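Visitor: Hello! Could you walk me through this structure, one question at a time?
Guide: Gladly, have a look at it and then ask away.

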Amino acid sequence: MKINHTIKFGFNYNTHFYGKHTYANLVEKLSTRDIYSDTKAEEFVELRNIYNNLWKEIGLPENLKPRIQYKAMLSNMAFSIQDYKIYVEKRLSPFKMNLRNKSGKNKSILRHEIEHVKQIWDIVRLVGADNMAEELGTNLKWLNIEVSPSLLKNFQEIEKTLGKILPSSKEYVKAQQYLKALRNYPDTSQYYGISIKELREHIKYKNNLLEKEARNEAAKYKPKWTKTFKIVIKEFIKLIK
Ligand SMILES: [Zn+2]
């Protein structure tokens with residue numbers, strides 16, 4: 001989860017292909033430049049299909065599905081509460097994007113972001129859509145979110161679709177924990193190098209409940225390295241043919 005004005009949920013680091021294996025380094029060298037490389041539409045169409053299918057697979061309401069969109073940023077993917085969108089790093093080369101689509105890595109990362117979407121739903125349902133502006137202006141001020149009319153509409157749609165979380169609801173305790181975790185979410189947006197303070201923040205980030213649970217969900221979809229390896233080879237052969 002790397003943070004800037006609008007992006008609060010994502011990965012705090014750039015994950016590579018299982019960096020410890022030698023073929024990972026090979027892929028790094030083979031892939032075209034990452035910086036604003038062409039984002040071929042077909043990779044994105046495939047990613048969107050993976051996303052749509054995953055959303056259906058988990059059985060989540062279609063009317064609450066955030067759109068996904070390319071954006072230049074530091075993390076692989078990020079859920080922006082402000083825009084109610086899942087952003088995907090656009091500087092990734094089409095080659096890598098294709099591999100991530102095929103290996104299942106993107107599915108796993110998407111699952112992580114979807115978990116954050118669900119966490120926000122629970123928070124909105126607990127606080128109440130109409131009280132979210134106040135919550136965001138006080139306890140969650142660090143998020144730097146301005147509640148626009150369209151964002152308010154999104155919050156209301158969440159509440160209308162899933163209902164309020166009341167003290168008698170079974171989700172009550174969990175939703176309260178989520179709210180607390182978001183209030184205490186470490187803001188690492190200003191850190192670039194490595195210092196003790198940054199490391200401490202990073203550990204806090206890793207241990208934050210919202211991150212822990214999102215990681216657990218994503219782990220269920222994480223591809224085995226053997227599968228990734230096979231796909232890397234196959235795609236590489238296609239490339240040199
Ligand atoms: Zn996350």
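Predicted model: local features only at pLDDT ≥ 70, side-chain atom pairs only at ≥ 80, totals over all residues.

Visitor: Is S80 buried or exposed?
Guide: A residue counts as buried if 20 or more other C-beta atoms lie within 10 Å of its own. S80 has 21 C-beta neighbours inside 10 Å, so S80 is buried.

Visitor: How far apart in space are S80 and I145?
Guide: Along the sequence, S80 and I145 are 65 residues apart. In space, C-alpha to C-alpha, their separation is 9.6 Å.

Visitor: What pattern does the protein follow along the sequence?
Guide: The protein has 10 helices and 4 strands. Read along the sequence, these give the pattern β-α-α-β-β-β-α-α-α-α-α-α-α-α.

Visitor: What share of the contacts with a separation of 6 or more joins residues 24 or more positions apart?
Guide: The protein has 241 residues, and 33% of them are buried. Among the contacts with a separation of 6 or more, the share from residues 24 or more positions apart is 73%.

Visitor: What distance does α2 reach from its first C-alpha to its last?
Guide: Helix α2 has 18 residues, and at 1.5 Å a residue the expected value is 26 Å. The reach in the model is close to that, at 26 Å.

Visitor: Which residue just after α2 takes a positive phi?
Guide: Phi there is about 80°. The residue is G59.

Visitor: How many of the residues of α4 are buried?
Guide: Helix α4 has 23 residues, which should span 33 Å at 1.5 Å a residue, and its end C-alpha atoms are 34 Å apart, which agrees. Just after α4, G128 takes a positive phi of about 100°. The helix is largely enclosed by the rest of the structure, because its buried residues number 22 of the 23.

Visitor: Is α4 roughly parallel or roughly perpendicular to α7?
Guide: α4 and helix α7 (residues 172-183) pack with their axes 9 Å apart, at an angle of about 105°. That makes the two helices roughly perpendicular.

Visitor: How do the residues of the contact of α4 with α7 divide?
Guide: On the α4 side are Q119, D122, I123, R125, L126 and V127, which meet K174, A175, Q176, Y178, L179 and L182 in α7. These residues divide into 7 nonpolar, 2 polar and 3 charged.

Visitor: Is Y84 buried or exposed?
Guide: Y84 is in the loop between β3 (77-80) and β4. Its phi is near 50°, a positive value in a residue other than glycine. Most residues other than glycine have a negative phi. Y84 has 21 other C-beta atoms within 10 Å, so Y84 is buried.

Visitor: Where is N144, and what is its phi?
Guide: N144 is in the loop between α5 (132-137) and α6 (149-162). With 15 other C-beta atoms within 10 Å, N144 is partly exposed. Here too the residue is not glycine and phi is positive, near 60°.

Visitor: Which residues is K227 in contact with, leaving aside its neighbours within four places in sequence?
Guide: K227 lies in helix α10 (residues 225-240) and counts as partly exposed, with 13 C-beta neighbours inside 10 Å. K227 and S103 are 124 residues apart in sequence, yet 6.5 Å apart in space, C-alpha to C-alpha. Leaving aside those sequence neighbours, the contacts of K227 are S103 and G104.

How values were computed:
Residues numbered from 1 in each chain as written. Expected span 1.5 Å × (residues − 1). Axes fitted to C-alpha atoms, helices over the stretch in contact; angles between N-to-C directions. Parallel < 35°, antiparallel > 145°, perpendicular 65-115°, else oblique. Contact = placed C-beta atoms within 7 Å. Nonpolar A, V, L, I, M, F, W, Y, C, P; charged D, E, K, R; others polar. Buried ≥ 20, exposed ≤ 12 C-beta atoms within 10 Å, placed from the backbone.
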